[in-house]
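This report goes through one protein model and its ligand. It begins with the overall fold and then turns to single sites.

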Amino acid sequence: MDQKVSSLKGVGDNVASKLQILGIETKDDLIWNFPRKYEDYSEVTPINRLKPGQVTVKVKIKQATGRYVRRGMHITEAVASDETDSVRLIWFNQPYRAKAIKNNQEYFISGNYELSRGRFSIMNPSAELASNFPVNTARIIPIYKETKGLKSFTIRKLIAGLQDDIKQIDEGLPKFITKEQKLIPRFKALLNIHFPPSAEALDEAKKRLAFEEVFTLVLTSLINKQENIRAKSIKIPFKENLAKEFVGKLPYKLTDAQRKAAWQIYKDIEKDIPANRLVQGDVGSGKTVVAAMAALMVMEAGYQTAFMAPTEILARQHAKSLSEMLKPLGMADKVVLLLGSMKPAQKKNAHASIKSGQASLIIGTHALISEKVDMHKLGLVIIDEQHRFGVEQRKQLLKKAGHVPHLVSMTATPIPRSLALTVYGELDVSVIDEMPPGRKPAITKIVSPNSKKQLYEKIDKEIATGRQMFVVCPLISESDKFDYLSAEEVYKELSKKVFKHRKVSLIHGKLKTDQKEKIMSDFAAGKIDVLVSTTVIEVGVDVPNATVMLIEGVERFGLAQIHQLRGRIGRGQHQGYCYLMTGDSKAPGKRIRALEQTNDGFKLAELDLELRGPGAIYGISQHGELDLRLANISDTKLIASARTSAQEFLDKGEKLSNYSWLEKEVAKNRLITTLN
Ligand code: ADP
Ligand code: MG
């Protein structure tokens with residue numbers, strides 16, 4: 001199956017290079033390149049009963065003639081007959097047709113029967129000699145993703161030539177599962193997904209292949225969970241008085257949801273099974289203090305906590321707020337910041353205090369996993385916005401301790417239930433579904449570029465009252481590829497014209513860290529009125545006086561991402577406003593409109609999942625790993641039966657090593673789902 005397509009008959013350099021554009025390099029790629037859609041030409045109709053539309057006839061052809069008509073257009077006409085009647089066939093600009101047609105041979109002709117110049121004809125049909133296994137006619141015809149110079153009929157022919165290979169493909173799933181779930185054999189599903197003999201056969205093929213996609217995901221997460229349970233961690237005793245003291249010294253009262261999440265973590269880490277919990281809660285729901293409570297208990301037990309944030313700005317912010325929270329307990333000096341951008345001497349100090357154990361709450365970015373850090377007493381890892389870390393990075397960090405540390409990850413991007421049950425099935429989940437009191441969600445409005453002027457005037461009035469504004473752009477600089485406004489262009493426009501009487505600044509990921517820090521701290525201090533940025537401000541940045549956000553080219557962003565962005569504004573006592581500027585004047589789609597209608601991060605994530613697939617939410621599709629070709633990840637019935645089977649597989653003590661295909665799939669899936 002790894003054999004290159006170039007070894008196949010009919011694949012020269014040209015076809016091979018076109019196939020490569022479609023991502024097809026091997027036989028296996030060809031077989032797993034499923035049709036995009038199908039057209040049903042399966043019914044052969046006698047000519048005297050043809051009705052306008054897509055038709056198939058079984059005919060002999062005569063009088064095929066080609067000629068050039070005006071403006072270099074070529075026309076081939078032929079007369080096709082069966083025993084009932086005759087019909088005209090017309091091809092445009094396919095001059096080879098007339099010669100290719102053999103007299104007195106029976107053909108299948110499939111095409112559109114329609115009125116052309118006063119009479120009904122079959123236009124631009126596919127034609128092939130009648131046989132028991134037609135490929136381009138007289139069947140449910142697969143339509144593949146095409147590219148310039150490579151049409152579906154070439155792909156069809158190649159796959160039809162692989163039928164014998166397909167028949168050799170292993171079953172893959174245990175027999176008890178295919179039986180229980182009433183699944184057709186794997187090879188048959190693959191044959192039928194390309195060349196379905198009937199609509200029912202196609203449905204069965206899809207059912208089988210969708211099942212195995214979800215089954216392998218669920219099985220992976222159950223195996224991960226099993227392994228996690230077998231691993232040893234450190235028991236962190238719960239000290240109620242300490243927790244009470246900490247909470248009592250906070251400047252606010254915890255919400256019930258925060259209390260519950262903290263409690264769930266305490267229960268987890270009391271055991272010597274490594275915790276593997278995800279805390280999800282909207283932006284501003286107060287996840288940081290929950291993390292602090294977890295760290296507190298671990299520190300008290302004499303172990304260290306590593307707290308990883310996605311950006312240096314956020315790591316600094318966390319270090320500051322965690323130190324403040326721990327100060328009343330006399331533990332502020334236990335917090336140490338470790339960042340890639342720190343000077344060597346600073347780093348050395350940080351490393352030394354980590355090594356000596358003097359620092360027990362280590363906050364940083366991925367620099368935390370750099371080789372030099374000694375974390376032999378690491379008891380807990382907290383990962384803020386976990387989906388922003390690669391799996392490899394997580395693994396490295398978890399390796400450092402020698403034992404498996406407890407893991408708590410936090411995210412503002414909700415996991416839709418379907419994904420929680422499949423891809424992330426091994427995680428325990430806490431949901432902070434309650435906002436601290438007094439929060440007013442930002443008012444969100446879609447605006448067309450046409451009404452920019454009025455909008456700017458309105459915003460200027462808001463700025464005049466002392467408020468601040470974010471402008472978020474999808475790109476840093478101008479790009480030929482995309483039509484969207486870049487941060488640099490918008491900055492120019494706003495600083496030189498629209499808001500030239502205001503203080504306007506620009507921040508983006510290409511700036512040096514100290515530059516970014518300076519700008520962010522100036523903004524936080526109110527020295528900047530309008531901050532033009534890319535998504536570097538996406539997570540965590542807390543500036544309560546910022547009340548307006550304008551998002552340019554809003555279509556370019558994921559819903560969850562926009563939802564996070566707008567969580568940055570209206571964090572103080574003033575009402576926040578989020579304006580979504582569409583890239584052009586066209587009416588916005590359902591996806592973007594949903595942002596106006598709901599402030600529920602869960603609903604938005606579900607919708608993004610439905611409309612754009614799981615990759616849109618977690619950015620995992622870019623790794624090319626979570627590649628669901630057939631399964632609809634929101635299909636709860638499918639997920640339920642896959643779970644039943646996967647659980648049964650494990651309960652029966654089945655060995656993965658007895659199922660080579662399954663073993664390989666699970667290994668592949670683990671790359672995206674494993675947290676330890
Ligand atoms: P997120 O969940 O987005 O990480 P944070 O932990 O940054 O949210 O909290 C957002 C803000 O809410 C912070 O300023 C924090 O001090 C405040 N906060 C957290 N919990 C509460 C609470 N129970 N009552 C009032 N304010 C709170
Ligand atoms: Mg946060």
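## Overall fold

What share of the contacts in the protein with a separation of 6 or more is accounted for by residues 24 or more positions apart? The figure is 73%, where contact means heavy atoms within 4.5 Å. The model is predicted: local features need pLDDT of at least 70, side-chain atom pairs count only at pLDDT 80 or more, and totals for chains, interfaces and linings use all residues. Residues are numbered from 1 along each chain as its sequence is written, chains are lettered from A and ligands numbered from 1 in the order in which they are written, and side-chain values use heavy atoms, with hydrogens and water left out.

The protein contains 24 helices and 20 strands; these are DSSP runs numbered from the N terminus, with helices (H or I) of at least four residues and strands (E) of at least two. Its C-alpha trace spans about 100 × 70 × 45 Å along the principal axes. Of the 676 residues, 52% are buried. Buried means under 20% relative accessible area, exposed over 50%, and partly exposed in between (1.4 Å probe, protein chains only).

## Surface and charge

The accessible surface of the protein is about 31,700 Å², and carbon and sulfur atoms hold 49% of it. Accessible areas come from the Shrake-Rupley method with a 1.4 Å probe; for residues, only the protein chains shown count as cover.

There are 103 positive and 78 negative side chains, and the centres of the two sets are 3 Å apart. Lys and Arg count as positive and Asp and Glu as negative, while His and the chain ends are not counted. The place of a charge is NZ of Lys, CZ of Arg, CG of Asp or CD of Glu.

## Ligand 1

Ligand 1 is surrounded by 16 residues, the closest being Lys253, Gly284, Lys287, Thr288 and Arg439; a residue counts if one of its heavy atoms lies within 4 Å. A backbone N or O atom of Lys253 is 2.8 Å from a nitrogen atom of ligand 1. For Gly284, a backbone N or O atom is 2.6 Å from a ligand oxygen atom, and for Ser285 the corresponding distance to an oxygen atom is 3.5 Å. The protein covers 78% of the 560 Å² of accessible area that ligand 1 has on its own.

Tyr107 belongs to strand E5 (residues 106-116) and is buried, with a relative accessible area of 6%. A polar atom of the Tyr107 side chain lies 2.9 Å from the backbone nitrogen of Lys102. Beyond four places in sequence, the contacts of Tyr107 include Val57, Val59, Ile61, Ala127 and Leu129.

Most residues other than glycine have a negative phi. Asn104, in the loop between helix H3 (97-100) and E5, has a positive phi near 60 degrees and is exposed at 66% relative accessible area. Asn124, in strand E6 (residues 119-129), has a positive phi of about 45 degrees and is partly exposed at 37%.

## His194

Is His194 buried or exposed? His194, in helix H7 (residues 186-194), is buried, with a relative accessible area of 0%. The side chain of His194 makes a polar contact with that of Tyr144 at 2.7 Å. Such a contact is a pair of N or O atoms within 3.5 Å; within protein, one must be able to donate a hydrogen and the other to accept it, and residues adjacent in sequence count only if both atoms are side-chain atoms. A polar atom of the His194 side chain also lies 2.7 Å from the backbone oxygen of Ile31.
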